[in-house]
Every structure is written in C-alpha cells, then in structure tokens.
Amino acid sequence: MRRRPQLVPWKAAGRLTERQVSGDDVVRATGWVFNNEKGSDLTLEEFVASGDQEVPAYLTVFGLRSPDNERQTLVEIGCGIGRMTCGFTREFGTVVACDVDPGFLERCHETVGRFGKIDRLRTSRVTDGKTLDLAPNSADVTFSYITLQHCEPDDALELSAEAVRVTRPGGRVVLNYRSRGRMDWLLLPVGSCVRAAFGVPKFGPWLSRQRIAARFGWQANRLHPDEVIGPLSAQLCEVEVWRNTRSKVQGHGAEIKTFDGINPHHYWVVATVR
Ligand SMILES: C[S@@+](CC[C@H](N)C(=O)[O-])C[C@H]1O[C@@H](n2cnc3c(N)ncnc32)[C@H](O)[C@@H]1O
C-alpha cells in the first residue's frame with residue numbers, strides 16, 4: 001500500500017487498541033481520535049449511546065427505514081470500534097463493517113457483541129484503503145460517516161465508486177463528506193505540514209497521538225459534491241445532497257435537502273443505484 005500519512009493517527013490508535021484490556025480502556029486510550037468531547041472517563045456504553053442516537057436519526061431523515069430492513073444488508077465503510085455498528089445491527093439483518101485498521105475491526109466485533117446483535121455482523125478489512133473486498137450488488141444500503149474526509153481525494157472517490165459497485169440496483173448509497181470552509185486557507189496547509197511531520201522518526205508517532213495534531217493532519221480532502229457525483233452520475237438516480245441550513249454547498253443536478261442535525265461543515269450524498 002502506498003504511503004498514506006493521513007492514516008498514521010488511525011494506525012497508532014489501532015495499535016494501542018490491540019493492547020487495551022477492555023472496551024472502556026479502548027475508548028479512553030484512543031480519545032484523541034474517537035472521543036471528541038467527553039473526557040477521559042467516557043465508557044464504551046456512553047460512546048455507543050452516541051451512535052444509538054445518530055443511527056435512527058439518519059435512517060429516518062434519509063428515508064432508509066422500512067419493514068424490509070431486517071432482511072437487508074447494510075455495508076458500513078469506516079466502522080471504527082463500532083460506535084454506530086451496534087445500532088445498525090438492531091435495524092438490518094446483516095451488517096458488513098469495513099475499516100482499514102484490523103485492530104478496530106476486532107474491537108468492533110467485541111462492541112457489537114456487548115451492545116448490538118452479533119449474529120448479524122460481518123467484518124471486512126479495507127486493506128489498500130480504497131477497495132472493498134465485497135461482491136458487486138451485495139448490499140441494500142452502503143453507508144459511510146466521518147471517514148471519506150480522512151482519505152486522499154483519489155481514495156475517497158474510489159471508495160465512493162466502490163460503495164456504488166457493492167450496492168444492488170435500487171439500493172441506496174449514503175456517504176458523508178466534508179465541504180470547503182472559510183478557514184481552509186489555514187487548515188489545509190497546516191494539515192499537510194502535520195502529515196509530513198508524521199513521517200519524522202520518533203517525533204511523528206508521538207505527534208500522531210496528540211489530539212490537535214491528529215485533527216489537523218487527518219482531513220485529507222475537501223471534495224465538492226460535483227466531484228463525487230460527476231463520475232458516478234450514469235450509475236445513480238434520485239441524487240440528493242443533504243446539508244445543514246447554515247451550509248451553502250450545492251450539487252448540480254442533485255436535489256438539495258437540509259437537516260440541522262448535520263454538522264455545518266459536512267454534507268451527505270444520498271442516492272439510488274440504477
Ligand atoms: C472518525 S472514525 C469514524 C468511525 C465511525 N464511522 C463513527 O462514526 O463512529 C473514521 C474511521 O475511518 C477509518 N478509515 C480511515 N480511512 C479509511 C479508509 N481509507 N478505508 C476504510 N476505513 C478508513 C478509520 O480507521 C476510522 O475507524
């Protein structure tokens with residue numbers, strides 16, 4: 001796999017994850033990547049509870065809940081340690097949790113074992129950071145949250161195309177991206193300096209475990225909706241771009257929809273596969 005410095009904080013967190021005894025320890029030890037707000041006494045249960053609130057909210061807002069869900073397969077790209085995966089296993093008959101880091105996948109399995117429906121879970125490693133090891137047309141819904149912004153632009157676009165490839169005709173892709181912002185003139189150059197510094201022996205691995213550095217270094221793209229939708233337009237219909245009312249992001253040919261639960265810096269592409 002070619003060098004992808006934006007993955008350094010995830011790999012550092014993944015290695016640390018493998019050394020922790022309990023899921024609570026994992027949440028605390030990897031606070032710089034997973035736990036933005038709650039401090040060092042957060043438990044895995046509380047962490048999963050935040051996913052339990054978001055899963056039904058997004059499924060409802062995006063019109064993805066149906067009596068058929070229990071017979072359907074959802075693919076989650078970038079599952080982490082299973083914060084949302086637990087909620088998905090309560091809604092869908094099969095959930096395929098995908099992540100670049102094998103340590104996170106193991107913990108995801110454990111988290112779902114405690115708080116979700118483990119018999120509905122499969123995991124799949126995204127070994128090269130851009131290809132899903134899944135059959136075409138094998139998913140009814142392919143979902144990704146706070147993950148594609150962490151990929152290089154080409155990888156994010158390839159994973160978006162992969163989401164379409166693995167979703168059956170008539171199924172839905174539900175993909176979250178980060179939009180351009182006013183502070184990007186500062187954030188993007190600082191981010192690339194931080195990513196370069198991740199490669200410095202000894203200092204880089206330490207830096208990648210610092211919350212502020214990780215936050216600068218891991219946002220590796222700002223894709224416009226047209227860049228995402230354009231290459232896939234022949235394979236998609238009913239294309240919607242969902243955003244906060246405070247966001248100005250537009251997608252040509254896409255219906256703009258708003259929901260104030262969406263981070264103002266994010267947008268979602270929600271579309272049906274032809
Ligand atoms: C911020 S976490 C989000 C986890 C989960 N979606 C959630 O909301 O709790 C981002 C996850 O994406 C994974 N990730 C980053 N780049 C990836 C890639 N190229 N392919 C697959 N997973 C990736 C990271 O390992 C991490 O687990």
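Biologist: Where is Lys202 found?

Modeller: This is a predicted model. In it, Lys202 is found in the loop between α8 (184–197) and α9 (203–207).

Biologist: Why is Lys202 called exposed?

Modeller: Its relative accessible area is 75%. Exposed means over 50%, so Lys202 counts as exposed.

Biologist: What is stated about the phi of Lys202?

Modeller: Lys202 has a positive phi of about 65 degrees, although it is not a glycine. Most residues other than glycine have a negative phi.

Biologist: Which strand holds Glu238, and what is its phi?

Modeller: Glu238 is found in strand β6, residues 236–243. Its phi is positive, about 50 degrees, and Glu238 is not a glycine either.

Biologist: How do you know whether Glu238 is buried or exposed?

Modeller: Compare its value with the cut-off. Glu238 has 54% relative accessibility. The cut-off for exposed is over 50%, so Glu238 counts as exposed.

Biologist: Which side chain does Glu238 join through a polar contact of 2.6 Å?

Modeller: That of Thr272. Thr272 lies in strand β8, residues 266–273. The side chain of Thr272 also makes a polar contact with the side chain of Arg172, at 2.6 Å.

Biologist: What makes the pair Thr272 and Arg172 a polar contact?

Modeller: The limit is 3.5 Å between N or O atoms, with one able to donate a hydrogen and the other to accept it. The two side chains make their contact at 2.6 Å, within that limit.

Biologist: Why is Thr272 called buried?

Modeller: Its relative accessible area is 8%. Buried means under 20%, so Thr272 is buried. Leaving aside neighbours within four places in sequence, Thr272 is in contact with residues including Gly170, Gly171, Gln235 and Cys237.

Biologist: Why does Val174 count as buried?

Modeller: Val174 has a relative accessible area of 0%. That is under 20%, so Val174 is buried. Val174 lies in strand β5, residues 167–178.

Biologist: Which residues does Val174 touch, not counting those up to four places away in sequence?

Modeller: Among them are Phe62, Leu64, Phe143, Trp268 and Val270. As for Asp68, its C-alpha atom is separated from that of Val174 by 18 Å. The two are 106 residues apart along the chain.

Biologist: What makes Glu76 buried?

Modeller: Its relative accessible area is 3%. The cut-off is under 20%, so Glu76 is buried. Glu76 is found in strand β1, residues 73–77.

Biologist: Which side chain makes a polar contact with the side chain of Glu76?

Modeller: That of Thr85, at 2.7 Å. Glu76 also touches Met84, Phe88 and Val96, among others. Val96 is 20 residues from Glu76 in sequence, and their C-alpha atoms are 6.2 Å apart in space.

Biologist: How many helices and strands are there in the chain?

Modeller: There are 11 helices and eight strands.

Biologist: Why is the chain called as compact as a globular protein of that length?

Modeller: The radius of gyration is 18 Å. The globule rule gives 19 Å for 274 residues. The values are close, so the chain is as compact as a globular protein of that length. Buried residues make up 54% of the 274 residues.

Biologist: What lines the second largest pocket, by class?

Modeller: Seven nonpolar, six polar and seven charged residues. About 440 Å³ of space lies in this pocket. Of its 20 lining residues, the closest to the centre are Arg180, Gly181, Arg182, Pro264 and His265.

How values were computed:
Residues are numbered from 1 along each chain as its sequence is written. This is a predicted model: local features need pLDDT of at least 70, side-chain atom pairs count only at pLDDT 80 or more; totals for chains, interfaces and linings use all residues. Side-chain values use heavy atoms; hydrogens and water are left out. On a 1 Å grid over the protein atoms alone, a cavity is a set of points where a 1.4 Å probe fits but cannot get out, and a pocket is an open set with protein on both sides within 12 Å along at least five of seven lines; lining residues have an atom within 4 Å of a point. Grid points are joined across faces, edges and corners, and a volume is the space filled by probe spheres set on the points. Ala, Val, Leu, Ile, Met, Phe, Trp, Tyr, Cys and Pro count as nonpolar, Asp, Glu, Lys and Arg as charged, and the others, Gly among them, as polar. Helices (H or I, at least four residues) and strands (E, at least two) are DSSP runs, numbered from the N terminus. Buried means under 20% relative accessible area, exposed over 50%, partly exposed in between (1.4 Å probe, protein chains only). Contact means heavy atoms within 4.5 Å. The radius of gyration is taken over C-alpha atoms; the globule rule is 2.2 Å times the number of residues to the power 0.38.
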